[in-house]
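Visitor: I would like to go through this model with someone who can tell me what stands behind each word used for it.

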Amino acid sequence: MLQPRWRIWRTLPMWMHVLAMRMYRPRFRASVAAIIFDNQKRILLFKHTYRKFEWGIPAGGLEYNEQPDKAIVREFFEETGMQIKVEKLLLAESSKEDHNISLIYLCKIVSGTFKESSEISEMKYFDVNALPQMLFAEKELIRWAVDSLNTDDWKLLTEHAERYR
């Protein structure tokens, strides 16, 4: 169930989201994200309870002294109750706009059953050409990932994907 504070938060304009994040986040942040495809080359997205644009890629922040590849595994488990395996680092980029370094990993689900959390109410695979309303930067990242993956990457990802649809 969506808590009242998140309902109010989602109704605020995007500029207020940005302002609040800049005020309350550390001056520089490191984040991790998981790009996960199924065997039909659809992308896994989370429905976030706290975002204005609810759908987005699985992501989270690094904790102090935490390795990035371990952070995305931890974040995914905390938000879904499911285990993922990191296959490879796809992208590391620094954003000047929000003082953030993002490490994007190609991952696959290896075990578990989805359990709703306070942050994630749903997870679903989407055709990359029919994405829901979401952050433009995340849509661009998904398109980039699809274009960047080679045949061996797709084979690696689809070995176990059918079990966790």
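**Words and their cut-offs**

Guide: Met14, Val18 and Leu135 make a nonpolar surface patch of about 200 Å². This is a predicted model, in which local features need pLDDT of at least 70 and side-chain atom pairs count only at pLDDT 80 or more, while totals for chains, interfaces and linings use all residues. Residues are numbered from 1 along each chain as its sequence is written, and side-chain values use heavy atoms, with hydrogens and water left out.

Visitor: Why is valine 18 called partly exposed?

Guide: Buried means under 20% relative accessible area, exposed over 50%, and partly exposed in between (1.4 Å probe, protein chains only). Valine 18 has 37% relative accessibility and therefore counts as partly exposed; this residue lies in helix H2 (residues 14-24), where helices (H or I, at least four residues) and strands (E, at least two) are DSSP runs numbered from the N terminus.

Visitor: Is asparagine 65 buried or exposed, and how do you know?

Guide: Asparagine 65 has a relative accessible area of 72%, so it is exposed. The residue is found in the loop between E4 and H3, and its phi is near 65 degrees, a positive value in a residue other than glycine. Lysine 41, in the loop between E1 and E2, also has a positive phi, near 60 degrees, but at 43% relative accessibility lysine 41 counts as partly exposed.

Visitor: Why is glutamate 66 called buried?

Guide: The relative accessible area of glutamate 66 is 17%, and therefore the residue is buried. Glutamate 66 has its place in the loop between E4 and H3; leaving aside neighbours within four places in sequence, it is in contact (heavy atoms within 4.5 Å) with Gly61, Ala71 and Arg74.

Visitor: How do you know that the span of H3 is close to the expected one?

Guide: The expected span of a helix is 1.5 Å times one less than its number of residues. Helix H3 (residues 68-80) has 13 residues and reaches 18 Å from its first C-alpha to its last, close to the 18 Å expected. After H3 comes glycine 81, whose phi is positive, near 80 degrees.

Visitor: Which residues of H3 are buried, and what do they pack against?

Guide: Pro68, Ala71, Ile72, Arg74, Glu75, Phe76, Glu79 and Thr80 are the buried residues of H3. Their packing partners include strand E1 (29-35), strand E5 (83-95) and strand E6 (100-111).

Terms used: Patches are made of residues with over 30% relative accessible area and no salt bridge: like charges are joined within 9 Å, nonpolar side chains (Val, Leu, Ile, Met, Phe, Trp, Tyr) within 5 Å. Accessible areas come from the Shrake-Rupley method with a 1.4 Å probe; for residues, only the protein chains shown count as cover. A salt bridge is a side-chain nitrogen of Lys or Arg within 4 Å of a carboxyl oxygen of Asp or Glu.
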